[in-house]
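The following paragraphs are intended as a guided reading of a protein model. Please keep the sequence and the coordinates in view while following the text.

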Amino acid sequence: MRKLLGAAALTTMLVLTGCGGGDSTSNEKTTSSSPTESSSDATTPTDATQSTEDSAASGEYCDALTNAKNNLSSIDFTTLDEKAYTQLTGELQNVADVAPSDVQDDWQTVLTALTDLHALLKTAGITFDDLANLSAGKIPPGVDPAELQRIAPKLQKITADGKLQKATTEIQKSAKKDCGLSLN
């Protein structure tokens, strides 16, 4: 049982640590074309328009990333509680809302992992406030050890497929490239 509790707490921390430094970029590029353009070289104005839109979005994105990094700098992800979780997800949602299209899926992956993690813990009667005790092998009052065993594989699945790690890596690359910001 102690090993299971430690694994659950470790998985939780892996998810949180992975997302704490996260920003992403995928290799997809969106291009737009306007059917109303009459120029024989329709890609030039469209590319210029897209560049202006990307530049404006990039400014909002970089500002949101910087604000999130500053606002979350005092959170100790190894002792995350419910209040800090709420702050974390709120800040990450603010960034995701203005993220460029090439990193939006990565932000959604991170937010989904956090939401899934929180929901799994809740089904077992665990809050982030309980994680310190769990990692020490102490089961919080009212928590069913059998339920902990049932959610352990689901907790591990959150990080097992590599999608979360890939998303956070891409987010970090994007933050560095687009904003000159290190999220480590």
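At 8% relative accessibility, Tyr85 counts as buried, a class that covers residues under 20% relative accessible area, whereas exposed means over 50% and partly exposed lies in between (1.4 Å probe, protein chains only). The model is predicted; local features need pLDDT of at least 70, side-chain atom pairs count only at pLDDT 80 or more, and totals for chains, interfaces and linings use all residues. Residues are numbered from 1 along each chain as its sequence is written, and side-chain values use heavy atoms, with hydrogens and water left out.

Tyr85 has an aromatic partner. Tyr85 and Phe128 form a stacked pair, with 4.7 Å from centre to centre and 25° between the planes. Under the rule applied, rings of Phe, Tyr and Trp (its six-membered ring) pair if their centres lie within 6.5 Å; planes under 30 degrees apart count as stacked, over 60 as edge-to-face and the rest as tilted. The pair links distant parts of the chain: Tyr85 belongs to helix 3 (residues 82-98), while Phe128 sits in the loop between helix 4 (101-123) and helix 5 (131-135), 43 residues apart. Phe128 is buried as well, with a relative accessible area of 1%. The count for the structure comes to one aromatic pair.

The surrounding architecture can be considered next. The protein contains seven helices and zero strands, where helices (H or I, at least four residues) and strands (E, at least two) are DSSP runs, numbered from the N terminus. Of the 184 residues in the protein, 39% are buried. Among contacts with a separation of 6 or more, 76% are between residues 24 or more positions apart; contact here means heavy atoms within 4.5 Å.

How do helix 4 and helix 6 pack, in angle and distance between axes? Two packed helices are described by the angle between their axes and the distance between the axes. Helix 4 and helix 6 (residues 145-160) meet at an angle of about 175°, and their axes are 9 Å apart. The axes are lines fitted to C-alpha atoms, for helices over the stretch in contact, and the angles run from 0 to 180 degrees between N-to-C directions. The two helices are therefore roughly antiparallel to each other, given that angles over 145 degrees fall in that class, while those under 35 count as roughly parallel, 65 to 115 as roughly perpendicular and the rest as oblique. Helix 4 contributes Ala113, Asp116, Leu117, Leu120, Leu121 and Thr123 to the contact, and helix 6 contributes Glu147, Ile151, Lys154, Leu155 and Ile158.

Helix 4 also carries Thr109, which is partly exposed at 28% relative accessibility. Not counting residues up to four places away in sequence, Thr109 touches Lys163, Leu164 and Ala167. Thr109 and Lys163 are 54 residues apart in sequence and 7.4 Å apart in space, C-alpha to C-alpha.

A covalent link is also present. A disulfide is a covalent bond between the sulfur atoms of two cysteines. The search of the whole structure finds one disulfide, defined as a pair of cysteine sulfur atoms within 2.5 Å. Cys62 and Cys179 form this link, with their sulfur atoms 2.0 Å apart, and the link is left-handed, with -80° about the S-S bond. It joins distant parts of the chain, since Cys62 lies in helix 2 (residues 43-72) and Cys179 in helix 7, 117 residues apart. Cys62 is buried at 13% relative accessibility, whereas Cys179 is partly exposed at 23%.

Charged side chains complete the picture. Side chains of opposite charge can pair when their charged atoms come close. Four salt bridges are found in the whole structure, each being a side-chain nitrogen of Lys or Arg within 4 Å of a carboxyl oxygen of Asp or Glu. In one of them, Lys173 meets Glu170 at 3.5 Å, N to O. These two residues are three apart in helix 7 (residues 163-179) and so are separated by about one helical turn. Lys173 is partly exposed at 48% relative accessibility, but Glu170 is buried at 13%.

Lys177 bridges to Asp178, with the closest N and O atoms 3.8 Å apart; Lys177 is exposed at 67% relative accessibility, and Asp178 is partly exposed at 28%. Salt bridges that share partners join Asp144, Glu147 and Arg150 into one network. Asp144 is partly exposed at 38% relative accessibility, as is Arg150 at 47%.
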